[in-house]
Amino acid sequence: MASYSAPASNPLPPADGAARDGVVPPVEVVAPSAPPVPFVFASPHSGRIYPAAFLARARLAGAVLRRSEDSYVDWLFRSAPACGAPLVHARFPRVFVDANRGPRELDPLLFDEPLDPEAVDDTPSVRAGLGVVPRVVAPGVAVYEGPISSAEARDRIARHHTPYHAALRDAVESVCSTFGLCFLVDCHSMPSVIADAEAPLPDIVLGDRFGESCAPGLTAELERLLRAEGLSVRRNIPFAGAYTTRHYGRPEDGVHAVQIEINRSLYLDEERHLPSLGMRSLTRRMESVVARLTTLSPEFLVTR
């Protein structure tokens with residue numbers, strides 16, 4: 001598959017990289033460059049900077065480690081600040097720490113000592129090896145040769161997961177203090193093929209936890225705008241939303257959260273983890289969706 005080449009004046013971010021531990025900030029918040037709107041965009045899985053100590057510890061090659069990465073999703077939504085919405089994105093990779101899991105979603109099979117069952121949450125993601133510190137990068141593909149210490153996992157959470165959610169919480173609270181409510185769009189990508197899927201995946205899956213995490217008007221309008229760009233859309237199956245939508249989506253308190261999953265075949269060479277020729281077209285379509293969505297009044301979105 002051919003790769004996308006951006007003009008020099010608008011370069012793509014690096015494909016990946018290794019960093020000395022502690023040098024790279026774990027989260028970046030791109031502040032609005034236009035009058036504020038009641039939206040926050042977040043990308044918890046597009047981090048591409050892999051700590052050197054982690055790479056030395058992992059048993060897998062870099063290309064395999066990147067299988068769970070939502071490559072370049074932050075780039076697809078880079079227009080949000082120009083529309084008045086902050087963009088919060090993790091710099092660290094999902095396989096190192098998963099910012100879309102709760103800090104208590106610890107996998108007992110990963111660690112070299114027993115965990116206090118009262119201090120952990122047993123969830124389907126944990127049982128699949130995809131807790132806050134993943135044990136596998138894909139079913140049956142272990143990240144490490146053996147167990148790691150729970151102290152190491154908690155240090156990763158403190159240095160990466162906690163700052164990410166502090167930044168996201170601050171962004172949401174700031175928007176709420178200005179507008180009295182906030183619409184949080186949690187941005188992800190999904191593989192083009194998922195084992196045991198009941199049907200071929202659409203271009204987009206929107207997750208609102210089956211209507212629990214946001215007003216129906218936000219999901220409906222986002223779906224309408226995506227379809228207007230020629231994209232096929234499904235709701236909640238197979239992705240209804242995880243920790244971010246569950247934790248932040250509180251419509252009764254004025255915080256509405258919806259997850260968007262983008263089929264990687266639209267913009268990515270999935271084998272090489274490089275943008276494909278579809279990147280340019282999809283970026284333009286996402287820019288249009290973000291621009292139109294963020295001009296809608298809160299009243300329209302919460303009362304539809």
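These notebook entries record what I looked up in one predicted model.

**Entry 1. Ground rules**

I number residues from 1 along each chain as its sequence is written, and side-chain values use heavy atoms, with hydrogens and water left out. As the model is predicted, local features need pLDDT of at least 70 and side-chain atom pairs count only at pLDDT 80 or more, while totals for chains, interfaces and linings use all residues.

**Entry 2. The chain as a whole**

I counted nine helices and 13 strands in the chain; these are DSSP runs numbered from the N terminus, helices being H or I of at least four residues and strands E of at least two. The C-alpha atoms fill a box of roughly 50 × 45 × 40 Å along the principal axes.

I then asked what radius of gyration the chain has. The value is 19 Å, which agrees with the figure near 19 Å for a compact globule of 304 residues. The radius is taken over C-alpha atoms, and the globule rule is 2.2 Å times the number of residues to the power 0.38.

Buried residues make up 53% of the 304 residues. Buried means under 20% relative accessible area, exposed over 50%, and partly exposed in between, with a 1.4 Å probe and protein chains only. Of the contacts with a separation of 6 or more, 82% join residues 24 or more positions apart; a contact means heavy atoms within 4.5 Å.

**Entry 3. The nonpolar cores**

I looked up the nonpolar cores, each a set of buried Ala, Val, Leu, Ile, Met, Phe, Trp, Tyr and Cys residues joined through side-chain atoms within 4.5 Å. The largest has 41 residues, and Val40, Phe54, Leu65, Val88, Val143, Tyr164 and Leu168 touch the most other members. Elements giving two or more residues to this core include β3 (39-43), β5 (87-90) and α5 (150-179). With eight residues, α5 gives the most to this core.

Apart from this core lies another, of 38 residues, with Leu206, Cys214, Val290 and Leu293 among them.

I also listed the contacts of Leu168, leaving out residues up to four places away in sequence: Val40, Ala42, Val88, Leu184, Thr244 and Tyr248.

Is Ala151 buried or exposed? Ala151 lies in helix α5 and counts as exposed because its relative accessibility is 53%. Its C-alpha is 17 Å from that of Gly102, 49 residues away in sequence.

His161 also lies in helix α5, but His161 is buried, with a relative accessible area of 3%. Beyond residues up to four places away in sequence, His161 touches Phe92, Val97, Asp98, Ala99, Arg101, Gly102, Pro103, Val132 and Arg156.

**Entry 4. The largest pocket**

I took a pocket as an open set of points on a 1 Å grid over the protein atoms alone, with protein on both sides within 12 Å along at least five of seven lines; a cavity is a set where a 1.4 Å probe fits but cannot get out, and lining residues have an atom within 4 Å of a point. Points are joined across faces, edges and corners, and a volume is the space filled by probe spheres set on them.

The largest pocket has a volume of about 1,500 Å³. Of its 49 lining residues, Arg94, Leu130, Pro191, Ile194 and Phe239 are the closest to the centre. The largest share of the lining, three residues, comes from β6.

By class, the lining holds 23 nonpolar, eleven polar and 15 charged residues. Ala, Val, Leu, Ile, Met, Phe, Trp, Tyr, Cys and Pro count as nonpolar, Asp, Glu, Lys and Arg as charged, and the others, Gly among them, as polar.

**Entry 5. The cavity**

I found one cavity of 30 Å³ or more, and the largest cavity holds about 30 Å³ of space. Phe41, Phe77, Val185, Leu222, Ile260, Val289, Val290 and Leu293 line the largest cavity; by class, these are eight nonpolar, no polar and no charged residues. Helix α8 (residues 278-293) gives the largest share of this lining, three residues.

**Entry 6. Backbone details**

The peptide bond from Ile237 to Pro238 is cis, with omega near 10°, and Pro238 lies in the loop between β10 (233-235) and α7.

Tyr72, in the loop between α2 and α3 (73-76), has a positive phi, near 65°, though not a glycine. Tyr72 is buried, at 2% relative accessible area.

Arg209, in the loop between β9 (204-207) and α6 (216-228), likewise has a positive phi, near 55°. Arg209 counts as partly exposed, at 24% relative accessibility.
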